[in-house]
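Please read the points below with the coordinates open beside them.

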Amino acid sequence: MRALATAILASLALATLPAAAQSRPDQQAFFGLYKELVETNTTLSAGSCTQAAGQIAARLKAAGYADRDVTLFSVPEHPKEGGLVAVLPGSDARAKPMLLLGHIDVVEANRADWERDPFKLVEENGYYYGRGTVDDKAMSAIWADTLIRFKQDGFRPKRTIKLALTCGEETTFAWNGAEWLAKNKPDLIAAEFAFNEGGGGRISAEGKRQLLAIQVGEKAAQNYTFTATNPGGHSSQPVPDNAIYELADAVLRVRNYEFPIRFNDTTRAFFTKSLPTLPAPVADAVKRLLANPEDKEADAIVSRDKAMHSTLRTTCVATLLNAGHAENALPQRATANVNCRIIPGETVDGTLAKLQELAGSEVKVTANQPVRPLAVQPPLDPKIVGPIEKLAAKHFPGVPLLPLMSTGATDGVFIEAIGIPVYGVPGIFVEPNGSGTHGLNERIGVKELYDGRDYLYELAKLFANSPS
């Protein structure tokens, strides 16, 4: 969902920065870009990523980018789902490029459910409210703003910096710009590494910054359909052989099954570094699991935390049900959608085999299309993680930084599929509940947005001049 948005910079008056925000001239310009982006509807149902991408392209060109360095793309079948790639050439031909990745589409938002218009940036009590204020228009706006500032300041990086803002991340069946670029324009986005969403920071309800995270790997999202069929008949003469009952039994077996714990370099480092922050019983259980992943008692203690539970293993959960054709007839068909988040090292087919085993012979399990690439676990490369951590200590002193494997999924899987390691960088702090992302009344702290912008700008500049 990352998008920036709208209006030609040369003809656009700067928006007024709310009193709650800081007021440096560069922040004033950023706020105009960010506000425009949030207020450009980029939902699949009614919005246009193409419009948002065009508005950002206009800002880049007004800042001095040549036409050849800004590529707008879409396909005829999906004219409103376009994106852009912008390039700031480097001075050292031997230095491999870096890629800044963001998505500008957003999750649907029903005005009747929201307290405020989701596509109007509203500032209240130290927060910006609106759909996409966090996911992912905050980072997308920051990346675009960073390239604009580099051009305006005459900054000449050693390595070429590429920016890709795409559509389709938030909807499984949407046309996905990152996937299209990876398959059709791989040279346009080729890079030594990419920085993406997925990291960030957590802030308490009292406003205390608790921790930072760098995402190093993610799970793969895959849906499966469970189908039970039956000849049916009149409901006045029921029999035990019932499609709904067979489906229900299969779904319950999925509920009661725990996939085995699988540690990788990232999750092992995450749990190890988390130990000082955990209460004694949980810390002890984590130590036991690190030594023996088959310790069921320790697993039960750690898995009381749903985030830790999902970080340890593949998870599958029923999310949709459909059954029957009449209220006075035995069901002829019953289906369920089971959504799985597959941990790196396991496969779509292997998960399918386990689900079919759990479902039994009376229920057929199939993997739904599209089947996306599995995430490639990037290395915990000290040349990447070290500078990120050092710079975080400067901007956010005293806040621990942990390597994290995301339990969700991002467009990073498409970029990794063509050999580019993707890291979800820290910098933007949100509340433990996600600050309403994908839900109602999405918001971001004004201070958190501007502090995160300062961090990510300096991060991009640091790596732009780092050796390959």
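Which residues in H2 meet which residues in H3?

1. Ile56, Arg59 and Leu60 in H2 meet Ala144, Leu147 and Ile148 in H3, where contact means heavy atoms within 4.5 Å. The residues of this contact divide into five nonpolar, no polar and one charged; Ala, Val, Leu, Ile, Met, Phe, Trp, Tyr, Cys and Pro count as nonpolar, Asp, Glu, Lys and Arg as charged, and the others, Gly among them, as polar.

2. The model is predicted, with local features requiring pLDDT of at least 70 and side-chain atom pairs counted only at pLDDT 80 or more, while totals for chains, interfaces and linings use all residues. Residues are numbered from 1 along each chain as its sequence is written, and side-chain values use heavy atoms, with hydrogens and water left out.

3. H2 and helix H3 (residues 137-153) pack at an angle of about 20 degrees, their axes being 9 Å apart, and are therefore roughly parallel to each other. Helices here are DSSP runs (H or I, at least four residues) numbered from the N terminus, axes are lines fitted to C-alpha atoms over the stretch in contact, and angles run from 0 to 180 degrees between N-to-C directions. Angles under 35 degrees count as roughly parallel and those over 145 as roughly antiparallel.

4. Helix H1 (residues 25-38) packs with helix H2 (residues 49-62) at about 165 degrees, with the axes 10 Å apart, so H1 and H2 are roughly antiparallel to each other. In this pair, Gly32, Leu33, Glu36 and Leu37 of H1 meet Ala52, Gln55, Ile56 and Arg59 of H2, and the residues of the contact divide into four nonpolar, two polar and two charged.

5. The structure holds one cavity of 30 Å³ or more, a cavity being a set of points on a 1 Å grid over the protein atoms alone where a 1.4 Å probe fits but cannot get out. The largest cavity contains about 40 Å³ of space, a volume being the space filled by probe spheres set on the points, which are joined across faces, edges and corners. Its lining, meaning residues with an atom within 4 Å of a point, includes Glu81, Asp105, Cys167 and Trp175, and by class has five nonpolar, four polar and two charged residues.

6. The second largest pocket (an open set with protein on both sides within 12 Å along at least five of seven lines) has a volume of about 240 Å³. Of its 15 lining residues, Glu192, Phe193, Asp381, Lys383 and Ile384 lie nearest its centre, and H12 gives the largest share of the lining, three residues.

Note on methods:
Helices (H or I, at least four residues) and strands (E, at least two) are DSSP runs, numbered from the N terminus. Angles under 35 degrees count as roughly parallel, over 145 as roughly antiparallel, 65 to 115 as roughly perpendicular and the rest as oblique.
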